[in-house]
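These are notes for a colleague opening this structure for the first time. Please read them with the sequence and the model side by side.

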Amino acid sequence: MSRLDRLVRTIGPRMDEAEVLIASVLGHRGDGRGHVALVATDRRLLLVTEGFTRTMIDELFYTDVTGFTRTADGAGTTVEVIATEARWRVERIESDAAGHVALGLIERRCQRATEPQRTPMPPLPRRVRVLQPDVG
C-alpha cells in the first residue's frame, strides 16, 4: 500500500456516508518535515499530515477557500490554499500524469467555490394553447 493510500484511508471514519472522494495528491509539508495528502471530497478539502506518533487531519469547507495557487518547477508542484481561517502549503507534489489530473480536479473544485454565484434567470412564461375539438 502506498503512502498516499494509507493517508487517504485515515479520513474514512471522518467522512459521511454520502460524501464522495474526488481526488487526492501526496506532497511534503512546507517545512520539509514529513508527508501530507491533500484530499478533496464533494463537500470539503482535507489536509492529512503524517506525524511521528499520529496522523493529523485539518479540514476546510469550500465556501471558506479564498484562493488556490499552483506553481510547478523542477522539484515538483507546489500548491497553496488560502482560506478565511487557514493557509496550507503543500510542496513537491509528484508531477506525473495522475498527479496533474488530480490537482486539476482539486483546483477546479476550489475555484468553483470562490467564483461569484450567478443569479439564475427567472423561468420563461409558458405559452398555453387550447385545442378545441372539430365540430362538424
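1. From the N terminus on, the chain runs α-β-β-β-β-β-β-β-α, which comes to two helices and seven strands. Helices (H or I, at least four residues) and strands (E, at least two) are DSSP runs, numbered from the N terminus.

2. The model is predicted: local features need pLDDT of at least 70 and side-chain atom pairs count only at pLDDT 80 or more, while totals for chains, interfaces and linings use all residues. Residues are numbered from 1 along each chain as its sequence is written, and side-chain values use heavy atoms, with hydrogens and water left out.

3. Of the contacts in the chain with a separation of 6 or more, 41% are between residues 24 or more positions apart. Contact means heavy atoms within 4.5 Å.

4. The largest nonpolar core has 21 residues, of which Leu 38, Leu 45, Val 81 and Ile 106 touch the most other members. Such a core is a set of buried Ala, Val, Leu, Ile, Met, Phe, Trp, Tyr and Cys residues joined through side-chain atoms within 4.5 Å. At least two residues each come from β1, β2 (35–41), β3 (44–50), β5 (65–73), β6 (76–83), β7 (87–93) and α2 (97–114). The largest share, four residues, is that of α2. Another core, of ten residues, lies apart from this one and includes Leu 4, Val 39, Leu 46 and Ile 57.

5. Which residues does Leu 38 contact, leaving aside its neighbours within four places in sequence? Among them are Ala 23, Val 25, Leu 45, Leu 47, Val 79, Trp 88 and Ile 106.

6. His 28 lies in strand β1 (residues 21–29). This histidine counts as buried because its relative accessibility is 19%. Its side chain makes a polar contact with the side chain of His 35, at 3.4 Å (a pair of N or O atoms within 3.5 Å; within protein, one must be able to donate a hydrogen and the other to accept it, and residues adjacent in sequence count only if both atoms are side-chain atoms). Beyond its neighbours within four places in sequence, His 28 also contacts residues including Gly 34, Val 36, Arg 89 and Glu 91.

7. Arg 109 lies over the face of Tyr 62, at 4.2 Å from the ring centre. The rule asks for NZ of Lys or CZ of Arg within 6 Å of the ring centre and within 35 degrees of the ring normal.

Note on methods: Buried means under 20% relative accessible area, exposed over 50%, partly exposed in between (1.4 Å probe, protein chains only).
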